[in-house]
Amino acid sequence: MTLALSLGDLSLSRGGRRLFSGLNLCLEAGQACALTGPNGSGKTSLLRAVAGLCEVDSGRIEFGGSDPGTARASGLHLLGHLDGLKASRTAGEELDFWTRWQGGQPEAMKAAVRRLDLLRLLDLEVRRLSAGQRRRLALARLLSAPRPLWLLDEPLSPLDAHWRGQVLDIMAGHLGGGGLILAAVHDPLPVATVALEIAP
Amino acid sequence: MNPGLGLLRREIAIAWGRGGGLMVTGGFFAGATLLLPLASGPEPERLAQIAPGAAWTVLALSALLGLERLFERDYEDGALDLMAHAGLPLEFTCALKCLGHWLATGAPLAVLAPLAAIALGASPALAPLLFACALAGGLAFAFTGGIGAALSLGTRRGGLLTAVIVLPLFVPPVIFGGGALYAFDSGLPWRAGFSLLGAYAAAAVALGPLAMAAACRNALS
(Lines give C-alpha, C1' and ligand atoms only; values in the text may rest on other atoms or scores of the structure.)
Protein backbone atom coordinates (compact mmCIF):
# COMPACT_ATOMS: atom_id res chain seq x y z
CA MET A 1 0.00 0.00 0.00
CA THR A 2 1.44 3.38 -0.95
CA LEU A 3 0.14 6.51 0.67
CA ALA A 4 0.72 10.21 0.70
CA LEU A 5 -0.66 12.62 3.26
CA SER A 6 -1.92 16.08 2.51
CA LEU A 7 -3.61 18.47 4.87
CA GLY A 8 -5.28 21.47 3.30
CA ASP A 9 -6.38 24.60 5.18
CA LEU A 10 -7.11 22.56 8.29
CA SER A 11 -8.84 24.09 11.32
CA LEU A 12 -9.40 22.31 14.59
CA SER A 13 -11.14 23.19 17.85
CA ARG A 14 -11.24 21.33 21.12
CA GLY A 15 -13.67 22.14 23.89
CA GLY A 16 -14.93 25.23 22.07
CA ARG A 17 -11.43 26.72 21.71
CA ARG A 18 -9.79 27.13 18.31
CA LEU A 19 -6.40 25.38 18.35
CA PHE A 20 -5.17 26.25 14.89
CA SER A 21 -6.47 27.18 11.49
CA GLY A 22 -5.17 27.26 7.95
CA LEU A 23 -2.72 24.40 8.49
CA ASN A 24 -1.20 22.94 5.32
CA LEU A 25 1.09 19.97 4.87
CA CYS A 26 2.09 17.73 2.01
CA LEU A 27 3.99 14.55 2.79
CA GLU A 28 5.19 12.08 0.17
CA ALA A 29 6.51 8.54 0.54
CA GLY A 30 9.89 8.60 2.29
CA GLN A 31 9.32 11.94 4.00
CA ALA A 32 9.01 12.71 7.69
CA CYS A 33 7.48 15.75 9.31
CA ALA A 34 8.46 17.04 12.75
CA LEU A 35 5.44 18.69 14.29
CA THR A 36 6.43 21.27 16.87
CA GLY A 37 4.56 23.80 18.94
CA PRO A 38 4.04 24.79 22.56
CA ASN A 39 2.13 22.56 25.01
CA GLY A 40 -1.57 22.59 24.26
CA SER A 41 -1.14 23.89 20.72
CA GLY A 42 -2.97 20.91 19.22
CA LYS A 43 -0.23 18.50 18.14
CA THR A 44 -1.94 15.46 19.65
CA SER A 45 -5.34 16.60 18.36
CA LEU A 46 -3.92 16.93 14.85
CA LEU A 47 -2.56 13.37 15.00
CA ARG A 48 -5.93 12.10 16.27
CA ALA A 49 -7.74 13.99 13.50
CA VAL A 50 -5.49 12.38 10.87
CA ALA A 51 -6.28 8.98 12.41
CA GLY A 52 -9.99 9.82 12.12
CA LEU A 53 -10.62 9.84 15.86
CA CYS A 54 -11.79 13.43 16.08
CA GLU A 55 -13.58 15.78 13.73
CA VAL A 56 -11.99 18.83 12.15
CA ASP A 57 -13.84 22.15 11.85
CA SER A 58 -12.90 22.67 8.22
CA GLY A 59 -10.27 21.72 5.71
CA ARG A 60 -9.33 18.41 4.20
CA ILE A 61 -7.24 15.39 5.12
CA GLU A 62 -6.32 13.29 2.10
CA PHE A 63 -4.27 10.15 1.75
CA GLY A 64 -2.98 10.53 -1.80
CA GLY A 65 -6.14 9.31 -3.52
CA SER A 66 -6.73 6.32 -1.24
CA ASP A 67 -10.10 5.98 0.41
CA PRO A 68 -9.79 7.63 3.86
CA GLY A 69 -11.57 4.77 5.62
CA THR A 70 -9.29 2.12 4.14
CA ALA A 71 -6.19 4.24 4.63
CA ARG A 72 -6.99 4.72 8.31
CA ALA A 73 -7.97 1.11 8.92
CA SER A 74 -4.97 -0.49 7.27
CA GLY A 75 -2.49 2.22 6.29
CA LEU A 76 -1.52 4.05 9.47
CA HIS A 77 -0.24 3.47 12.97
CA LEU A 78 -0.99 5.79 15.85
CA LEU A 79 1.41 5.81 18.79
CA GLY A 80 0.24 8.17 21.51
CA HIS A 81 0.99 8.84 25.17
CA LEU A 82 -1.51 6.13 25.95
CA ASP A 83 -0.20 2.89 24.57
CA GLY A 84 -3.28 0.67 24.96
CA LEU A 85 -1.32 -1.98 26.87
CA LYS A 86 -3.20 -3.72 29.69
CA ALA A 87 -1.25 -3.68 32.94
CA SER A 88 -2.51 -7.11 34.03
CA ARG A 89 -1.49 -8.97 30.86
CA THR A 90 2.00 -10.06 29.92
CA ALA A 91 4.00 -8.12 27.36
CA GLY A 92 4.01 -11.16 25.04
CA GLU A 93 0.22 -11.57 25.18
CA GLU A 94 -0.35 -7.90 24.47
CA LEU A 95 2.10 -7.75 21.58
CA ASP A 96 0.58 -10.90 20.11
CA PHE A 97 -2.96 -9.54 20.43
CA TRP A 98 -2.18 -6.17 18.83
CA THR A 99 -0.14 -7.75 16.06
CA ARG A 100 -3.10 -9.91 15.06
CA TRP A 101 -5.52 -7.04 15.53
CA GLN A 102 -3.53 -4.92 13.10
CA GLY A 103 -3.11 -7.73 10.62
CA GLY A 104 0.59 -8.39 11.24
CA GLN A 105 2.47 -11.62 10.73
CA PRO A 106 4.18 -13.72 13.46
CA GLU A 107 7.51 -13.57 11.60
CA ALA A 108 7.41 -9.77 11.56
CA MET A 109 6.56 -9.82 15.26
CA LYS A 110 9.57 -12.01 16.04
CA ALA A 111 11.80 -9.67 14.06
CA ALA A 112 10.36 -6.68 15.95
CA VAL A 113 10.99 -8.40 19.29
CA ARG A 114 14.63 -8.94 18.30
CA ARG A 115 15.04 -5.42 16.93
CA LEU A 116 13.72 -3.83 20.12
CA ASP A 117 15.38 -6.38 22.43
CA LEU A 118 12.12 -7.41 24.10
CA LEU A 119 12.70 -11.15 24.38
CA ARG A 120 13.54 -11.03 28.10
CA LEU A 121 10.46 -8.91 28.83
CA LEU A 122 7.77 -10.97 27.07
CA ASP A 123 6.91 -13.04 30.16
CA LEU A 124 6.55 -10.01 32.42
CA GLU A 125 3.23 -8.34 33.18
CA VAL A 126 3.02 -4.92 31.55
CA ARG A 127 2.72 -3.34 35.01
CA ARG A 128 6.30 -4.49 35.76
CA LEU A 129 7.77 -2.67 32.75
CA SER A 130 9.41 0.73 32.99
CA ALA A 131 8.10 3.62 30.90
CA GLY A 132 10.89 3.15 28.37
CA GLN A 133 10.28 -0.59 28.12
CA ARG A 134 6.55 0.01 27.58
CA ARG A 135 7.37 2.47 24.80
CA ARG A 136 9.62 -0.11 23.14
CA LEU A 137 6.79 -2.65 23.38
CA ALA A 138 4.42 -0.14 21.79
CA LEU A 139 6.97 0.57 19.05
CA ALA A 140 7.26 -3.16 18.37
CA ARG A 141 3.63 -3.04 17.25
CA LEU A 142 4.59 -0.69 14.42
CA LEU A 143 7.20 -3.12 13.12
CA SER A 144 5.00 -6.22 13.58
CA ALA A 145 2.30 -4.96 11.25
CA PRO A 146 3.98 -2.90 8.52
CA ARG A 147 1.93 0.14 7.54
CA PRO A 148 3.15 3.15 5.55
CA LEU A 149 2.10 6.12 7.71
CA TRP A 150 3.29 6.43 11.30
CA LEU A 151 1.67 9.04 13.53
CA LEU A 152 3.94 9.37 16.55
CA ASP A 153 3.24 11.47 19.61
CA GLU A 154 6.48 12.20 21.50
CA PRO A 155 7.95 8.86 20.42
CA LEU A 156 11.33 9.39 22.07
CA SER A 157 10.40 11.00 25.38
CA PRO A 158 10.65 8.01 27.80
CA LEU A 159 13.62 6.40 26.05
CA ASP A 160 17.25 6.51 27.15
CA ALA A 161 20.06 7.79 24.92
CA HIS A 162 20.85 4.33 23.50
CA TRP A 163 17.23 3.60 22.54
CA ARG A 164 16.68 7.10 21.18
CA GLY A 165 19.43 6.37 18.71
CA GLN A 166 18.00 2.94 17.93
CA VAL A 167 14.49 4.27 17.38
CA LEU A 168 15.80 7.04 15.15
CA ASP A 169 17.53 4.30 13.12
CA ILE A 170 14.21 2.42 12.91
CA MET A 171 12.47 5.58 11.75
CA ALA A 172 15.17 6.19 9.13
CA GLY A 173 14.73 2.60 7.95
CA HIS A 174 10.96 3.07 7.69
CA LEU A 175 11.45 6.21 5.60
CA GLY A 176 14.02 4.44 3.44
CA GLY A 177 11.40 1.79 2.68
CA GLY A 178 8.94 4.38 1.39
CA GLY A 179 7.16 5.08 4.68
CA LEU A 180 5.88 8.39 6.00
CA ILE A 181 6.20 9.75 9.53
CA LEU A 182 4.29 12.56 11.17
CA ALA A 183 5.76 13.01 14.63
CA ALA A 184 4.93 15.49 17.37
CA VAL A 185 8.24 16.33 19.01
CA HIS A 186 9.84 18.95 21.22
CA ASP A 187 13.39 18.62 19.91
CA PRO A 188 13.93 18.65 16.17
CA LEU A 189 14.29 15.15 14.71
CA PRO A 190 17.60 14.40 13.01
CA VAL A 191 15.71 12.46 10.33
CA ALA A 192 13.05 15.09 9.66
CA THR A 193 12.83 16.53 6.21
CA VAL A 194 9.78 18.76 6.63
CA ALA A 195 9.15 20.98 9.64
CA LEU A 196 5.69 22.12 10.65
CA GLU A 197 5.16 24.42 13.58
CA ILE A 198 1.73 24.97 15.00
CA ALA A 199 1.38 28.55 16.12
CA PRO A 200 -1.69 29.43 18.14
CA MET B 1 -6.33 -17.10 15.35
CA ASN B 2 -8.21 -14.19 13.85
CA PRO B 3 -8.39 -10.78 15.56
CA GLY B 4 -12.00 -11.27 16.71
CA LEU B 5 -11.19 -14.46 18.59
CA GLY B 6 -8.11 -12.79 20.01
CA LEU B 7 -10.24 -9.93 21.33
CA LEU B 8 -12.74 -12.36 22.86
CA ARG B 9 -9.96 -14.25 24.64
CA ARG B 10 -8.41 -11.00 25.84
CA GLU B 11 -11.74 -9.75 27.20
CA ILE B 12 -12.37 -12.97 29.10
CA ALA B 13 -8.81 -13.02 30.46
CA ILE B 14 -9.14 -9.42 31.67
CA ALA B 15 -12.57 -10.04 33.21
CA TRP B 16 -11.27 -13.11 35.06
CA GLY B 17 -7.89 -11.66 35.94
CA ARG B 18 -6.89 -10.53 39.42
CA GLY B 19 -9.86 -12.01 41.26
CA GLY B 20 -12.45 -10.22 39.12
CA GLY B 21 -15.05 -11.94 37.01
CA LEU B 22 -16.80 -14.80 38.67
CA MET B 23 -15.35 -14.12 42.11
CA VAL B 24 -17.03 -10.72 42.27
CA THR B 25 -20.32 -11.38 40.47
CA GLY B 26 -20.67 -14.94 41.75
CA GLY B 27 -19.78 -13.84 45.27
CA PHE B 28 -22.33 -11.04 45.14
CA PHE B 29 -24.96 -13.40 43.76
CA ALA B 30 -24.29 -16.05 46.42
CA GLY B 31 -24.20 -13.46 49.19
CA ALA B 32 -27.46 -11.81 48.18
CA THR B 33 -29.35 -15.11 47.88
CA LEU B 34 -27.88 -16.20 51.23
CA LEU B 35 -29.02 -13.03 53.00
CA LEU B 36 -32.54 -13.11 51.55
CA PRO B 37 -33.92 -15.94 53.76
CA LEU B 38 -32.29 -14.34 56.80
CA ALA B 39 -34.15 -11.10 56.14
CA SER B 40 -37.53 -12.43 54.96
CA GLY B 41 -38.19 -14.92 57.72
CA PRO B 42 -37.66 -18.65 57.97
CA GLU B 43 -41.03 -20.05 56.72
CA PRO B 44 -40.08 -22.47 53.91
CA GLU B 45 -43.44 -22.06 52.09
CA ARG B 46 -43.08 -18.31 51.68
CA LEU B 47 -39.44 -18.65 50.68
CA ALA B 48 -40.26 -21.31 48.09
CA GLN B 49 -42.87 -18.98 46.62
CA ILE B 50 -40.48 -16.10 46.05
CA ALA B 51 -37.39 -18.21 45.29
CA PRO B 52 -37.46 -18.10 41.44
CA GLY B 53 -38.23 -14.38 41.37
CA ALA B 54 -35.57 -13.62 43.95
CA ALA B 55 -32.89 -15.59 42.08
CA TRP B 56 -33.91 -13.83 38.87
CA THR B 57 -33.78 -10.33 40.39
CA VAL B 58 -30.43 -10.90 42.06
CA LEU B 59 -29.13 -12.19 38.73
CA ALA B 60 -30.12 -8.92 37.03
CA LEU B 61 -28.37 -6.89 39.74
CA SER B 62 -25.25 -9.07 39.57
CA ALA B 63 -25.07 -8.37 35.83
CA LEU B 64 -24.54 -4.69 36.68
CA LEU B 65 -21.26 -5.42 38.44
CA GLY B 66 -18.21 -4.93 36.32
CA LEU B 67 -20.23 -3.31 33.54
CA GLU B 68 -18.86 0.18 34.09
CA ARG B 69 -15.30 -1.00 33.46
CA LEU B 70 -16.27 -2.72 30.19
CA PHE B 71 -15.26 0.20 27.97
CA GLU B 72 -13.69 2.49 30.52
CA ARG B 73 -10.46 0.53 30.97
CA ASP B 74 -9.86 0.56 27.22
CA TYR B 75 -10.78 4.23 27.05
CA GLU B 76 -8.36 5.16 29.81
CA ASP B 77 -5.35 3.29 28.50
CA GLY B 78 -5.79 4.22 24.84
CA ALA B 79 -6.73 0.75 23.60
CA LEU B 80 -10.10 2.06 22.40
CA ASP B 81 -8.27 4.55 20.11
CA LEU B 82 -6.40 1.72 18.45
CA MET B 83 -9.51 -0.46 18.23
CA ALA B 84 -11.51 2.40 16.72
CA HIS B 85 -9.16 3.26 13.87
CA ALA B 86 -7.86 -0.18 12.90
CA GLY B 87 -8.86 -3.81 12.90
CA LEU B 88 -12.52 -4.78 13.02
CA PRO B 89 -15.46 -2.38 12.63
CA LEU B 90 -16.17 -0.69 15.98
CA GLU B 91 -19.71 -2.13 16.11
CA PHE B 92 -18.29 -5.63 15.86
CA THR B 93 -15.65 -4.82 18.46
CA CYS B 94 -18.34 -3.61 20.88
CA ALA B 95 -20.40 -6.76 20.28
CA LEU B 96 -17.36 -8.95 20.98
CA LYS B 97 -16.60 -7.07 24.18
CA CYS B 98 -20.18 -7.62 25.42
CA LEU B 99 -20.05 -11.26 24.36
CA GLY B 100 -16.80 -11.66 26.29
CA HIS B 101 -18.40 -10.04 29.34
CA TRP B 102 -21.34 -12.46 29.06
CA LEU B 103 -19.09 -15.50 28.67
CA ALA B 104 -16.95 -14.44 31.61
CA THR B 105 -19.73 -13.56 34.06
CA GLY B 106 -23.25 -14.12 32.61
CA ALA B 107 -22.83 -17.74 31.59
CA PRO B 108 -21.37 -18.90 34.95
CA LEU B 109 -24.18 -17.01 36.73
CA ALA B 110 -26.71 -18.93 34.62
CA VAL B 111 -25.36 -22.11 36.21
CA LEU B 112 -25.52 -20.61 39.70
CA ALA B 113 -29.07 -19.24 39.37
CA PRO B 114 -30.97 -22.60 39.34
CA LEU B 115 -28.82 -23.86 42.21
CA ALA B 116 -29.64 -20.78 44.25
CA ALA B 117 -33.36 -21.06 43.47
CA ILE B 118 -33.42 -24.73 44.52
CA ALA B 119 -31.47 -23.91 47.68
CA LEU B 120 -34.15 -21.33 48.50
CA GLY B 121 -36.81 -24.00 48.10
CA ALA B 122 -37.99 -23.71 44.48
CA SER B 123 -39.07 -26.91 42.75
CA PRO B 124 -36.18 -28.63 40.90
CA ALA B 125 -38.48 -28.89 37.86
CA LEU B 126 -37.99 -25.15 37.46
CA ALA B 127 -34.21 -25.44 37.06
CA PRO B 128 -34.03 -25.96 33.25
CA LEU B 129 -36.29 -23.00 32.55
CA LEU B 130 -34.41 -20.78 35.00
CA PHE B 131 -31.11 -21.81 33.37
CA ALA B 132 -32.46 -20.96 29.91
CA CYS B 133 -33.92 -17.68 31.14
CA ALA B 134 -30.62 -16.78 32.80
CA LEU B 135 -28.67 -17.50 29.60
CA ALA B 136 -30.97 -15.41 27.38
CA GLY B 137 -31.46 -12.76 30.04
CA GLY B 138 -27.73 -12.57 30.63
CA LEU B 139 -27.19 -11.77 26.95
CA ALA B 140 -29.85 -9.05 27.14
CA PHE B 141 -28.27 -7.63 30.31
CA ALA B 142 -24.76 -7.64 28.79
CA PHE B 143 -25.77 -5.98 25.52
CA THR B 144 -28.12 -3.36 27.00
CA GLY B 145 -25.64 -2.81 29.83
CA GLY B 146 -22.92 -2.15 27.27
CA ILE B 147 -24.97 0.79 25.97
CA GLY B 148 -24.97 2.35 29.42
CA ALA B 149 -21.27 1.65 29.88
CA ALA B 150 -20.41 3.27 26.54
CA LEU B 151 -22.65 6.29 27.17
CA SER B 152 -21.02 7.00 30.53
CA LEU B 153 -17.47 6.94 29.10
CA GLY B 154 -15.33 9.81 30.21
CA THR B 155 -17.56 10.86 33.09
CA ARG B 156 -16.53 10.68 36.70
CA ARG B 157 -18.43 8.12 38.76
CA GLY B 158 -19.47 6.46 35.54
CA GLY B 159 -20.71 3.42 37.46
CA LEU B 160 -23.60 5.34 38.96
CA LEU B 161 -24.53 6.83 35.58
CA THR B 162 -24.32 3.39 33.99
CA ALA B 163 -26.75 1.99 36.55
CA VAL B 164 -29.20 4.86 36.05
CA ILE B 165 -29.12 4.45 32.25
CA VAL B 166 -29.24 0.68 32.34
CA LEU B 167 -31.88 -0.12 34.96
CA PRO B 168 -34.85 0.95 32.78
CA LEU B 169 -33.46 -1.24 30.00
CA PHE B 170 -33.31 -4.15 32.46
CA VAL B 171 -37.02 -3.84 33.31
CA PRO B 172 -38.53 -5.63 30.28
CA PRO B 173 -36.32 -8.75 30.49
CA VAL B 174 -36.88 -8.96 34.25
CA ILE B 175 -40.67 -8.82 33.67
CA PHE B 176 -40.64 -11.34 30.79
CA GLY B 177 -38.35 -13.79 32.56
CA GLY B 178 -40.09 -13.41 35.92
CA GLY B 179 -43.46 -13.88 34.21
CA ALA B 180 -42.34 -17.06 32.50
CA LEU B 181 -40.96 -18.48 35.75
CA TYR B 182 -44.09 -17.61 37.72
CA ALA B 183 -46.35 -19.09 35.02
CA PHE B 184 -44.32 -22.30 34.89
CA ASP B 185 -44.39 -22.58 38.66
CA SER B 186 -48.19 -22.17 38.73
CA GLY B 187 -48.78 -24.57 35.85
CA LEU B 188 -49.85 -21.83 33.43
CA PRO B 189 -48.62 -21.39 29.82
CA TRP B 190 -45.11 -19.94 30.11
CA ARG B 191 -43.84 -19.93 26.55
CA ALA B 192 -45.02 -16.41 25.75
CA GLY B 193 -42.88 -14.83 28.48
CA PHE B 194 -39.85 -16.87 27.51
CA SER B 195 -40.29 -16.03 23.81
CA LEU B 196 -40.52 -12.34 24.62
CA LEU B 197 -37.34 -12.61 26.70
CA GLY B 198 -35.58 -14.29 23.78
CA ALA B 199 -36.84 -11.62 21.39
CA TYR B 200 -35.62 -8.87 23.69
CA ALA B 201 -32.20 -10.52 23.93
CA ALA B 202 -32.02 -10.87 20.15
CA ALA B 203 -32.95 -7.22 19.68
CA ALA B 204 -30.33 -6.17 22.25
CA VAL B 205 -27.64 -8.21 20.49
CA ALA B 206 -28.60 -6.75 17.11
CA LEU B 207 -29.10 -3.10 18.03
CA GLY B 208 -26.94 -2.60 21.12
CA PRO B 209 -23.58 -2.61 19.28
CA LEU B 210 -24.75 0.20 16.96
CA ALA B 211 -25.54 2.41 19.95
CA MET B 212 -22.34 1.41 21.76
CA ALA B 213 -20.13 2.19 18.76
CA ALA B 214 -21.78 5.59 18.29
CA ALA B 215 -21.30 6.39 21.99
CA CYS B 216 -17.63 5.30 21.87
CA ARG B 217 -16.93 7.44 18.80
CA ASN B 218 -18.52 10.37 20.55
CA ALA B 219 -16.43 9.85 23.68
CA LEU B 220 -13.20 9.56 21.66
CA SER B 221 -13.70 12.69 19.56
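Okay, quick definition before anything else: the radius of gyration here is taken over C-alpha atoms, and the globule rule is 2.2 Å times the number of residues to the power 0.38. With 200 residues, a compact globule would come out near 16 Å, and chain A has 17 Å, which agrees.

Some housekeeping. This is a predicted model, where local features need pLDDT of at least 70, side-chain atom pairs count only at pLDDT 80 or more, and totals for chains, interfaces and linings use all residues. Residues are numbered from 1 along each chain as its sequence is written, while chains are lettered from A and ligands numbered from 1 in the order in which they are written.

So, chain A. What does its secondary structure come to? You get 6 helices and 8 strands, where helices (H or I, at least four residues) and strands (E, at least two) are DSSP runs, numbered from the N terminus. Along the sequence the pattern reads β-β-β-α-β-α-β-α-α-α-β-α-β-β. The C-alpha atoms fill a box of roughly 45 × 35 × 30 Å along the principal axes.

As for burial, 43% of the 200 residues of chain A count as buried. Buried means 20 or more other C-beta atoms within 10 Å of the residue's own, exposed means 12 or fewer, and partly exposed is in between, with C-beta atoms placed from the backbone. Then contacts, meaning two residues whose C-beta atoms, placed from the backbone, lie within 7 Å. Among contacts in chain A between residues at least 6 apart in sequence, 75% join residues at least 24 apart.

Now the sheet. Chain A has an open sheet of 5 strands, in the order β5-β6-β7-β3-β8, with parallel pairing; two strands pair if DSSP finds at least two bridges between them. At the edges sit β5 (76–79) and β8 (194–197) of chain A, each pairing on one side only. On average, neighbouring strands of this sheet are turned by 15 degrees against each other, direction ignored.

Axes are lines fitted to C-alpha atoms, for helices over the stretch in contact, and angles run from 0 to 180 degrees between N-to-C directions.

One loop residue to look at: A:P38, between β3 and α1 (43–50) of chain A. Is A:P38 buried or exposed? It counts as exposed, because it has 12 C-beta neighbours inside 10 Å. A:P38 and A:A195 are 157 residues apart in sequence, and 14 Å apart in space, C-alpha to C-alpha.

Over to chain B, with 9 helices and 0 strands. Its radius of gyration is 18 Å, close to the 17 Å that the globule rule gives for 221 residues, so chain B is as compact as a globular protein of that length. The box for its C-alpha atoms is roughly 55 × 35 × 35 Å, and 48% of its residues count as buried.

Last stop, helix α4 (residues 69–76) of chain B: the buried residues are B:L70, B:F71, B:E72, B:D74 and B:Y75. Their cover includes α5 (79–85), α6 (90–119), α7 (127–151), α8 (158–185) and α9 (191–220) of chain B. After α4(B) comes B:G78, with a positive phi near 85 degrees.
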